Each structure stands twice: as structure tokens, then as C-alpha cells.
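Have a look at the model first, and then we can go through them together.

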Amino acid sequence: MAAPFDTPELGNVEERRIPALKVGAMAESKPYVAAAAHQEPLGFPGVLEEGWEKKAIGHMGELLSKYRSLQVFMDICVKCGACTDKCHYFLGTADPKNMPVARQDLFRSVYRRYFTPMGKIAPNLVGARDLTKDVLDEWYNYFHQCSQCRRCSVFCPYGIDTAEISMAARDIMDSIGQGQKYCNEIIGKVHKIGNNLGLPAPALLDTLEGLEEDMEAETGVAVKLPIDVHGAEVLLVTPSADFFAEPHILGLMGYAKVFHAAGVSWTLSTLASEAGNFGMFIGNYEQMRKISLRIREAALQLGVKRIIFGECGHAWRVAYSFLNTLAGPWDFLDPRYPVPQHILEFTNDLISRKGIKLDKSGNDGMVLTVHDSCNVARGARMGDTPGGQFTIPRAVIQASVPKFVDMHPDTICEKTFCCGGGGGLLTDELIELRVKGSAPRMEALKDVVEREGVTHMAAMCAICKAQFTKILPYFGHDREMVVSVHQLVSNAIILGDND
Amino acid sequence: MAYTTNGASIEADEEGFLININDWNEDLAGQIAKDEGIALTPEHWEVVNFLREYYAEYQIAPAVRVLTKAIAKKMGPDKGNNKYLYELFPYGPGKQACKIAGLPKPTGCV
Amino acid sequence: MTIFFAILFMVATLVMVVGLGLKIAQYARTPAPLKIPTTPAPLTKPGVAFRLGREALMFESLFKGNKPLWLFAMIFHLGLAVVLIRHVRYFETSVGPLVALVQPLAQPAGLAMVAGLLLLLARRVVIERIRYITGKSDILMLVLLIAIGASGMAMKCLVHTDIVAVKAFFTGLMGFELRPLPTDPLLAVHLLLVAALMIIFPFSKLLHAPGLFFSPTRNQTDTPREHRHLCDWAAKLEEKRS
């Protein structure tokens, strides 16, 4: 259990307070190291072995030759510091190594030493370091204090994205036997059982059956949660948390009601019972690809025509930006629809052409704001035009609730803050980091609660939902303040009469 | 880490979840709960027993919703909600109750 | 001294051109396996060109991130740009229209460049966060540029040098012909530092200039669903699949 810590005091969102540096404040924060049992099934060495330094540098060289992003980002940072006050973990912890440029420099200093003439000739002058065990430990701790949210890259004059560097660092650490338990255990479960949760098919079927009963009891309409149905039009791939946690599960029922009301046949899949792809968190292309191919296989097996993803942030980045690369081409699907689609694109389209009807009174008394998920905002898109990832969720929420207000403009859309638990950090031993990292978002939330009477915050990502459920009470809010976007749709949708 | 009950040392992971679910017994549950700052009451046992039954059938802990429904059935509708479960297990019914029941920790975005 | 500088500038030019050429070739050759534009991103290639243009000329992202820094950087880079254009007159026999245009701006631009650099240096010392991330080489780079600017301004405004002879030296050098360089200490310092800058260019953070155009978060179109993006090494993994 983590040591006690103080919940950060929230300031005024308008002031954009930047903390004074607290050197080493989070030096001890680190997630559990993966055991051999979590490493080996993914093809990684079980433990750190003799000669790891050389192996790590070899792997770094390989990544530099395979990823233009990494090679270019290593060279071009001028240390201007535009990113220094942009990371939620820095703002929340004041640890200077959580400033993006300082985090990158943990990696860059080693790159310089082994891959640049200046670093070989004059390491002191350019801040080049040998890769020692101390440096590796520092990597482990601080590259697990980055949620790969890409906020720093928005403000970097060269677009340097610390996420790319964190991913590379984690991949190097995996390759020498210093992996992270949380991510690697979960990836192992995906390969073995089919989803992050480790939810076996019989348990999934039982859960869905229970939810169907609930929906029928509540609405009087037999809304179904079909699974492994051959020949369905749509394959819905959603994070397994949607089958398990609150408020995720309320969103799942929302998707089901939308499909029901629209009269579109759909199915879940036991094979592809996970939208999330933790292969991205650990920066491993092959893992990411292997996880993605399950979706291809499920789509082929079930003979579906379209693939739609449920609410999940990093999943949507992998799905939108990478799925075509990793598991395409999708020429066997209906070419009239983008592959994949987001459930919010689907629902928004139905709302705008009156394919479903919503009654806002279903959410009476609620005042909503929305948390833009980092990887949806800056790593993906929805709809046909840039920025659709901001307008579409808002359109769906506004159609479902009586009152909606946005949080401070510096904290939404492309400038949104991470919830504090993204990128493979949603694990209990990092709770201090998660609470402190959520402070910038909590500050903006507090502002609209006080000024506009906001009662609920909608989220469109399984991690955001779980993270907020956990950390909202630290800031004096009810944990049920966070809701799924499709939970709001679920409360407002008119079922039954379909014409 | 490890627990010691009745003279036997029982292996657990870094967070105190049992490595081997078969190591579990009622005394051990009491001790895990004590470490978590919880004194087990009959209400806690209702939850723990349900979790173990569910796990025996499905090899996973039930969704929170499934748990609340089962508790409502057993203990009355006023107890079948998240708030009540959080009162019993302040660190979250999912994780804390699973730990006491000797089940593995639910993983993923939960 | 003439021979020394002649050799120095030939070496410096060679190092800079070849070094930069190799770096640019490396960036161009290294594959980008995934679509990673920072979104919202343009959907078309002209859109990307426009985005890069805004970044290169207006420092768009920096403007979003830090207004004072944007201003300091603008002052420096604009000053530098004018000064560089102005220096073309030392390399061409007849003065071109652009050079003539910026001629009257030379002095204010030089001042702006040095002032911008001093401001950039000051923030490295004054602001705690920036001090923390600043390394020796970051300070040295600024000092080098300031020294180049200051020595140049000194020649322009205080101790004039024989610029006709300087021009003769460089135009001669371009035809591999040796013409005498004035033996002026200030000029020697200025030229020495410039040569040093040229030599370290391909090995330093000055690579941000060409690098920006290879930054995948800025130079990719946002079309992953429309077009399958597949790099060579990823395509090889596919062969194993089928």
C-alpha cells in the first residue's frame, strides 16, 4: 500500500499557477516490476540479466533506425522550455523530472553518449550519460510517470512528443527484463483469455444476460446484448471494463439501446472482447499488432460488415490511427463506412438524421461538463473534419441533457489534461501520482462546479472513468460524479416506438 | 509479501493478493481484513462468500453490478448499492473485497 | 591569416553541408511506421504544407505554449534572418534585390538578434524551471551566437573593417581563388566564431531547423482510415502472417 500523501490544494484555474520546483519529489514513485511470469509469455526476458546495458543500447539503436519520430526528436530539442509547465504530472507533483523536456532528457542523455559525436567526445558539455543501473532505475520511475497524453507535443515548436520517447524507453526496458507488472500482466491476459480483465467467455455471457434482464425490468423493452452472432451488421469492440466497472457498464447499456432503437443488428465477440490495446503503452509494435489481429479475426469469423469501437481513449487512438496499419486492409467490410467507426460517430449520425429520439428529461437535474480524453483529443479524430473529436461528443451530450457547460478553454479540446491515470499508470501503487496528476483537471472541474453548478462530468474512456471514480472523493466529490457519455444517451433515449 | 496464520506462511503478491487461491481460509481472511483496517462482520462475510462462490463458477470476480444485485437479493434492496459496498470496503468493493476473499485482483481499466 | 581562414571556411562549409546532408538523409530514410500527427491535423498534403509553413515562419505551436518566449524567439530569428540575407552581399558580385531591400534594416536587425539572444539567455538564468533544464552546451550556444552578433555589430557600428576586401576574399574563395583578407582582430574573431558555428551545426541542437520538417507529429496527414499506411519493416511482418 502506498505511503500517505497530501491531496494537492486546488488553485484558481484562471491563474494557471506553476509550482516551484521540488527536486526529487516523486523519485520514489514507481509501479511494480513485472515478474518472470508476466514477462516471458510476451517474449521478454524474465529478469534483468548480466550484459543488459549492451543489450539496451543495441535495442535503442534498433528503435532509432525504425522510428523516425524517435530519431528526429532525439536531435532537435533546443530545450526552450515551452513544455515545462504543460504536463499534469509536473503541475501536480512539482518534480522537475516530470517536466517533459527533463523526462525526455533521461533518454536523450543516454542517446547522446552512445549515438552522437559530441556525446562521445565531450559528455559533460552536452549532458551525456552512461547507461548505469541508477540511470535505468530513474528511467523506470519517471517513464512510468508519463501517461503518453501528448499534451506537451501540442506546445512544442517542433512537435516533439514525449509519448514516443516514453514508449521507446518502456520497450527497451521490456527487452532487458525490466518490464512493468500492470501492463504486461494485462497483455498476457489478452493473449490467454481475450481481454484486459481476464473475463472468461462464460462469465461474460452471464454478465450480459444479467444486464439484459436489468434493461428489460427498467424500460419494459427487451434490449439485447448479442454476442458471437454470425452475420450481424456491426461488430462492437469495447473495453472489457464496460462489462465490469461503474460507470462503464451504464455506457454499454447505452450502446445497446442505441443499436436497438436504430434497428441495426450488432454483436459483441468473445474473441475480440477488448478494445484497449496496452501494446501501445509499452511501445511494442508487435504486441500492438498481435492484439489488433484478434479484431480482424473476429470480424472475419462473424462475417460482419462494420466495426464500431466503444468508449475508450487509448483504444480509439490505436483503432483510428493504427488499426488499418496493424490489421488492415479491411476490404472485406462494407466500404460505405469508415473502418473502424466510433460509437459516438454512429450515435451522433443517428441523432442528426433523427434515426433515434432523445428526451432530455431523462437526465433532469443534471448539469454536465465533458472531459476530453487525451488520446481521443490529440491522437485521433471523429467524423469528417479536424476537431470532430471535440464537436461530436459535445453534440451527443447536448442532445441528451438539459444543461451543458465546458470547462476552462486551456483545459479542454486539444489542450485537455489527462485524467491522471492513462498510459498504463492506472494501478493502485501509483495512487499518489494519479491523485496529484489529476489536480489540473480537478481545478478546472471545481471552477465549473462553483460557477455553473455542474453536477456531473462525462467521460469517453474506460481509464478516465475508472481513474475519476477513484480520485474524485479525494477532492470532495462523489465518485458517481463521472458518467459515461452513453449513460446519458441511455437515460434519454426513447425506445419502442421506432418510426 | 506473505501472511502468517496458524503457524503457516502463505505467499501473497506485492499488494497482498494471494498467489494461490487454495491457500485461503477464514482465519486468513480475517487477518487480511485486519491489515486493511477492517473488522469482518456478517455483512462483510455475505460479500466475501458471494465473491468466492462466483469465482468458483466463473474464474473471475463478478462485475460490481452483479455483486450489488446479489447483495440486494440476500440482504434487502436498501443494501444493494455501491454506497453500501463502499461503506463495507472503503477501498472499493472490487479490489479490497477480492483481496479478503483470496481472489486475484481484477486488472485493466477498472 | 588569409590562408588559415580560407582553409577554415572550406572545411567548415564542407562539414556543415556534408553533415547536414547526412542528417537529412538519415531523417528521410528512417521509416515512420505509424500515423502520429498531433490532432487536430490537416487532412491533405497542402494542408500539411500550410501547417509546417505556419510552424516555420510563425512558430504557431510556441505561440500557443509561451507568449514571452515566442516573442524573444521571434525577435532573434527575424533579426537573424535579415542579417543572413544581408550577408549574402559578401558572396555575390552584384547585389540582388532582396539584399538591397533589407539593406536599411541591417542595423536594427543586428540589434534585434543580439537583444533576442540576451533575452533568451536571461530566461535561462532567471526562470527556475528553465535554469533546471539548461545544460552547459545550451549556454555556450547562446554565448557563441551573441559573440558572433556582437563582433559583427561592432564592425558595423564601431570599428569598421574593410568590407570590400572581405567581399573579395569570399567571392574569391567561392572560385577557389585566394584574395587577401584584412588583418583586423575583430573580423578574425567574427569569422572564427562563424566557422565554429558552421562546424557544430550538424552535431548540435541547431538541427531543429531541418528537423522540424521531418517531425511526424507535424508533417503527417490525418488520413489513417482512408489510406493504409505501411512502412517496409512492418510490411515484412505481414509476409509472416500470410
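Contact here means heavy atoms within 4.5 Å. This is a predicted model, in which local features need pLDDT of at least 70 and side-chain atom pairs count only at pLDDT 80 or more, while totals for chains, interfaces and linings use all residues. Residues are numbered from 1 along each chain as its sequence is written, chains are lettered from A and ligands numbered from 1 in the order in which they are written, and side-chain values use heavy atoms, with hydrogens and water left out.

Q: What makes chain B and chain A partners in contact?
A: By that distance criterion, 27 residues of chain B touch 44 residues of chain A. The area buried between chain B and chain A is about 2,900 Å², and carbon and sulfur atoms give 53% of it. R65(B), Y91(B) and C109(B) supply 26% of what chain B buries against chain A, more than any other three residues. Buried area is the accessible area (1.4 Å probe) that two parts lose on being put together, summed over both.

Q: Which pair of chains shares the most contacts?
A: Chains A and C do, of the 2 pairs of chains in contact. Their contact takes 81 residues from chain A and 60 residues from chain C. About 5,800 Å² is buried between chain A and chain C, with 57% from carbon and sulfur atoms. Of the area that chain A buries against chain C, R68(A), K79(A) and T325(A) supply 12%, more than any other three residues.

Q: Why is helix α3 (residues 68-76) of chain A called largely enclosed?
A: Buried means under 20% relative accessible area, with exposed over 50% and partly exposed in between (1.4 Å probe, protein chains only). In α3 of chain A, 9 of the 9 residues are buried, so the helix is largely enclosed by the rest of the structure. The buried residues of α3(A) pack against α2 (52-66), α5 (100-115) and α10 (162-175) of chain A, and also against α1 (2-29), α11 (208-211) and α12 (216-219) of chain C.

Q: What makes A195(C) buried or exposed?
A: A195(C) has 0% relative accessibility, so A195(C) counts as buried. A195(C) is found in helix α10 (residues 185-200) of chain C. Leaving aside neighbours within four places in sequence, A195(C) is in contact with L8(C), F9(C) and A12(C). A195(C) and A12(C) are 183 residues apart in sequence, yet 5.6 Å apart in space, C-alpha to C-alpha.

Q: How do you know how many helices and strands chain C has?
A: Helices (H or I, at least four residues) and strands (E, at least two) are DSSP runs, numbered from the N terminus. On that basis chain C has 13 helices and 0 strands. Of the 242 residues of chain C, 49% count as buried. Among contacts in chain C between residues at least 6 apart in sequence, 73% join residues at least 24 apart.

Q: Why is part of chain C called "NarG-like", and which residues does UniProt list?
A: The name comes from an unreviewed UniProt entry, which lists "domain: NarG-like" for residues 66-209 of chain C. UniProt positions are given in the numbering used here, feature names are shortened, and annotations may be inferred rather than shown by experiment. Over residues 66-209, chain C is 74% helix and 0% strand, with the end C-alpha atoms 19 Å apart.
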